[in-house]
Amino acid sequence: MSVLDSFTRPIGKLPRVVLCESFDQRVLRAAQALHQHKLADVVLLGDYEELDRFAVGYRTDLGGMEVLDYEDDKMQRGIRSGLSDLHPSGGLDPTDPVVAGAWLVANGLADAVIAGAATTPTHVMRVYLKLLGMADGCATMSGMSLVVFQSCPFVRNRMVGLADVSVVPEPTVEQLSDIAIQSAASYERMTGVAAKIAFLSFSTMGSSDHPAARKMADAVALTSSRKPELAVDGEMQIDAALIPAIAGAKSPSSAVAGNANVLVFPSLNAGNIAEKIIERFSDYRVLGPILQGTKYPGTYIPRASSAEDILDQVRLLTC
């Protein structure tokens, strides 16, 4: 099945998950696997007969999965009513399946929504911000992926979180702190392991006095003051964060250096590029991303995702 089998299986009632672009072959294959392995109660969107024809063509089976026709009159009335309550609605289209999926979750009719197989991450996030809203006390949406460093001889932690890889192009000190706190909570929820957070830079522990390095050090100080129970340190280079032998030379007094399992990048450029390099040019698996900071669970499907990637995203989002 998946690299997640060992630590993220649902307990009790299965999460009810909406997969918005239900006519996509990858989405249908992921839906069938989630249903067959009892990992989620899947909700697909569309006309049943039309969707069934697609499923047969893709050699998948809708049996046992719920299909909601989001364009039928009753559901459209509910969505339109919900959109009319938004100030402003932002021009959201009630016949957009991403809007329909987010509306279901926001109204307690499903537990999580995943979209993006047929649209851009920017569109998905815009819809989520309008309909899912931000969690109480949270001002920043961000994205975190997990890298599985399987059989890596020099990295201590098998699972390492990367953030932000999705949302904030040039985060402020306050946003970097938000991203770290969100990512620590997500990492601990998904793995059951206490987070150790490294704020990354080209500098390690003041080796450069450049404003970009000081910004990361300031984010460490702010995060420590907001959440003193969290293990955070930096600024530090990525090798000092992950490799004990290098940490011993560059930052011997740090409890995080060499032991980090959550990496906070200084910009979206850095985080997204690092994620793609690991995903496409190494043998290590990248899971996710999941979105963080919304009031209700939702994430987007990168357009290059496979059916297995989508399955893993559902499991990360709902575990």
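A: Let's begin with some terms: buried means under 20% relative accessible area, exposed means over 50%, and partly exposed lies in between, using a 1.4 Å probe and protein chains only. Helices (H or I, at least four residues) and strands (E, at least two) are DSSP runs, numbered from the N terminus. This is a predicted model, where local features need pLDDT of at least 70, side-chain atom pairs count only at pLDDT 80 or more, and totals for chains, interfaces and linings use all residues. Residues are numbered from 1 along each chain as its sequence is written, and side-chain values use heavy atoms, leaving out hydrogens and water.

Our helix is α4, residues 97-106, and it is mostly covered, with 8 of its 10 residues buried. These are Val98, Val99, Ala100, Gly101, Ala102, Trp103, Leu104 and Val105. What do they pack against? The partners of α4's buried residues are the strands β1 (16-19), β2 (41-45), β3 (66-68) and β4 (112-115), along with the helices α3 (73-84) and α5 (121-131).

Now for the two ends. Where α4 starts, a side-chain oxygen of Asp96 comes within 2.9 Å of the backbone nitrogen of Val98. After α4 comes Gly108, which has a positive phi, near 75 degrees.

Notes. Contact means heavy atoms within 4.5 Å. A polar contact is a pair of N or O atoms within 3.5 Å; within protein, one must be able to donate a hydrogen and the other to accept it, and residues adjacent in sequence count only if both atoms are side-chain atoms.
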